[in-house]
Amino acid sequence: MTSRTKRLRADDAGITQAVTLLQSGALVAFPTETVYGLGADARQGEAVAAIYTAKGRPSFNPLIVHVADATAADRYVEWTPQAKVLAAAFWPGPLTLVLPLRAGHGLSALVTAGLTTVGIRVPAHPVAQALLRALGGPVAAPSANPSGRISPTTADHVHAGLGGRIAAVLDGGPCDVGLESTIIGFDGPRAVLLREGGISAERIEQLIGEAPGTDTGSAITAPGQMTSHYAPRGAVRLNATTARQGEHLLGFGAVEGTLTLSRGGDLAEAAANLFGHLHKLDALGGGIAVAPIPMEGLGRAINDRLRRSAAARY
Ligand code: TXA
Ligand code: MG
């Protein structure tokens with residue numbers, strides 16, 4: 001764990017250091033126009049897992065992926081016509097679009113919490129822009145506060161909440177908007193408001209000529225109520241040390257399975273592998289038996305997620 005959190009000035013040298021840290025899998029908080037984000041390279045599963053450790057988040061919620069512009073987003077998402085209109089009008093800015101993942105996207109499954117969609121946004125803050133352009137890659141970032149605490153709008157807030165738990169904070173002064181981004185998902189072609197935020201529903205209505213839906217219907221789940229992140233088709237049985245007939249074993253530590261979350265019992269490695277391994281075992285058909293995971297650190301979030309996928313059956 002990081003013992004001292006560097007405060008980086010938002011100049012060229014600071015951006016370069018932040019990029020080096022992100023590339024090495026470390027966490028860097030950075031300013032956006034909404035709130036400070038706690039950033040990790042969205043392609044590195046263990047770096048993304050470290051976000052949950054640092055925030056003390058008890059469960060895995062899907063994270064927003066930040067990119068420099070709409071062209072960079074093309075690599076990760078399938079566009080709908082209305083999404084294009086919204087992106088053209090409000091990016092860069094406080095709008096997150098939840099869109100289907102494109103094949104070969106390369107994002108860690110932990111970023112999307114195993115969903116087939118991803119929340120993506122192009123922040124307007126010049127420091128966020130400089131960071132994303134210098135990295136040339138996607139940054140997963142929730143708000144940079146400990147779980148359950150208020151979102152940070154200054155580097156001091158980040159220090160007070162997460163100092164000692166993350167590698168660095170890029171200090172870009174106070175955030176303008178101070179309120180998280182508006183999140184829009186799509187139910188087929190129809191825009192659905194998933195979270196109120198920095199861009200009002202009225203402005204979206206003016207642009208697309210109709211009010212975004214608020215009833216999420218069957219297709220999408222509202223943020224914060226992500227109970228059905230990922231329900232495997234087969235039954236999930238927890239705290240297993242061997243597979244029964246018709247099951248595949250998902251191993252951990254000394255319990256070796258068809259796939260194993262972490263042979264060495266490393267919870268960050270296990271978290272990074274969790275959703276990908278569940279998908280792979282589910283594709284084999286049959287049930288999934290899961291080895292015991294200790295209820296400590298990230299193990300709590302892993303167990304929360306596993307309990308939900310097991311409960312989703314009944
Ligand atoms: O302004 C913001 O959006 C800030 C800055 C740092 O960009 N970020 C932020 O992230 O607020 P976070 O993790 O606190 O909120 C992300 C929200 C969650 O409520 C999550 O459920 C939703 O986005 N979300 C992300 N991906 C989703 C998906 N594929 N489907 C539905 N909801 C999603
Ligand atoms: Mg938050």
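I took a polar contact to be a pair of N or O atoms within 3.5 Å; within protein, one must be able to donate a hydrogen and the other to accept it, and residues adjacent in sequence count only if both atoms are side-chain atoms. The model is a predicted one, in which local features need pLDDT of at least 70 and side-chain atom pairs count only at pLDDT 80 or more, while totals for chains, interfaces and linings use all residues. Side-chain values use heavy atoms, with hydrogens and water left out, residues are numbered from 1 along each chain as its sequence is written, and chains are lettered from A and ligands numbered from 1 in the order in which they are written.

Entry on the ligand. I looked up the oxygen contacts of ligand 1 and found a polar side-chain atom of Ser 181 at 2.5 Å, an N or O atom in the side chain of Thr 34 at 2.6 Å, and a polar side-chain atom of Arg 121 at 3.0 Å. The protein covers 94% of the 680 Å² of accessible area that ligand 1 has on its own (Shrake-Rupley method, 1.4 Å probe; for residues, only the protein chains shown count as cover). Strand 4 (64-66) and strand 6 (117-121) are the elements that give two or more residues to the shell, and strand 6 provides the largest share, 4 residues. I read helices (H or I, at least four residues) and strands (E, at least two) as DSSP runs, numbered from the N terminus. In total 23 residues surround ligand 1, with His 66 and Thr 117 among the closest (a heavy atom within 4 Å).

Entry on the backbone. I noted a cis peptide bond between Trp 91 and Pro 92, with omega about -5°; Pro 92 sits in the loop between helix 4 (81-90) and strand 5 (95-100). In the loop between strand 5 and strand 6 I found Ala 113, whose phi is near 50°, a positive value in a residue other than glycine.
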